[in-house]
Amino acid sequence: MLCYKCAKEGKETPAVGICVVCGMGLCKDHVNIAEVTFTEMVLMDTTSIAMLGMEQKRQRKAPRFLCDECYAGVAQSLADRQSTVTEE
Ligand SMILES: [Zn+2]
Ligand SMILES: [Zn+2]
């Protein structure tokens, strides 16, 4: 697996991680690591968490690899969710 962003620039850089949202390979210069709780992960991808049987461990934190675009999107959606908690 090579970094997709570097590949677009004509470079062949080994990927150190894969974006959990879009599946893009990312090198250490292009990867973003987001520490999200399992509660947030359930909202992000319920199916994979359910498959792992981790429903009971929602307060644990886990790092996830994200590309720039998805990191921005996830950060925005988490911020939106926190700001609208009182309405739920
Ligand atoms: Zn790269
Ligand atoms: Zn992505």
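Trainee: In which helix is confidence lowest, and in which is it highest?
Mentor: This is a predicted model. Confidence in the protein chain is lowest in helix α2, residues 38-44, where the mean is 56. Confidence is highest in helix α1, residues 4-8, at 97.

Trainee: What is the mean pLDDT of the protein chain?
Mentor: The mean is 78, and 66% of the residues reach 70 or more.

Trainee: How many helices and strands are there?
Mentor: The protein chain contains 4 helices and 4 strands. Read from the N terminus, their order is α-β-β-β-α-α-β-α.

Trainee: Let us turn to strand β4. Is K61 buried or exposed there?
Mentor: K61 belongs to strand β4, which covers residues 61-66. K61 counts as exposed because 11 other C-beta atoms lie within 10 Å, and the cut-off for exposed is 12 or fewer.

Trainee: And how far is K61 from E35?
Mentor: Their C-alpha atoms are 6.3 Å apart, although K61 and E35 are 26 residues apart along the chain.

Trainee: Which residues form the largest nonpolar core?
Mentor: That core has 10 residues, among them C3, A15, M24, F65 and L66. In soluble globular proteins, nonpolar side chains tend to be buried together.

Trainee: What does L66 touch?
Mentor: Leaving aside residues up to four places away in sequence, L66 touches C19, V20, V21, N32, A34, Y71 and V74.

Trainee: What share of the protein chain is buried?
Mentor: Buried residues account for 16% of its 88 residues.

Trainee: What share of the contacts join residues at least 24 apart?
Mentor: The share is 48%, counted among contacts between residues at least 6 apart in sequence.

Note on methods:
Residues are numbered from 1 along each chain as its sequence is written. Chains are lettered from A and ligands numbered from 1 in the order in which they are written. This is a predicted model: local features need pLDDT of at least 70, side-chain atom pairs count only at pLDDT 80 or more; totals for chains, interfaces and linings use all residues. Helices (H or I, at least four residues) and strands (E, at least two) are DSSP runs, numbered from the N terminus. A residue is buried if 20 or more other C-beta atoms lie within 10 Å of its own, exposed if 12 or fewer, and partly exposed in between; C-beta atoms are placed from the backbone. Two residues are in contact if their C-beta atoms, placed from the backbone, lie within 7 Å. pLDDT is the predictor's confidence in each residue, from 0 to 100. A nonpolar core is a set of buried Ala, Val, Leu, Ile, Met, Phe, Trp, Tyr and Cys residues joined through C-beta atoms within 7 Å.
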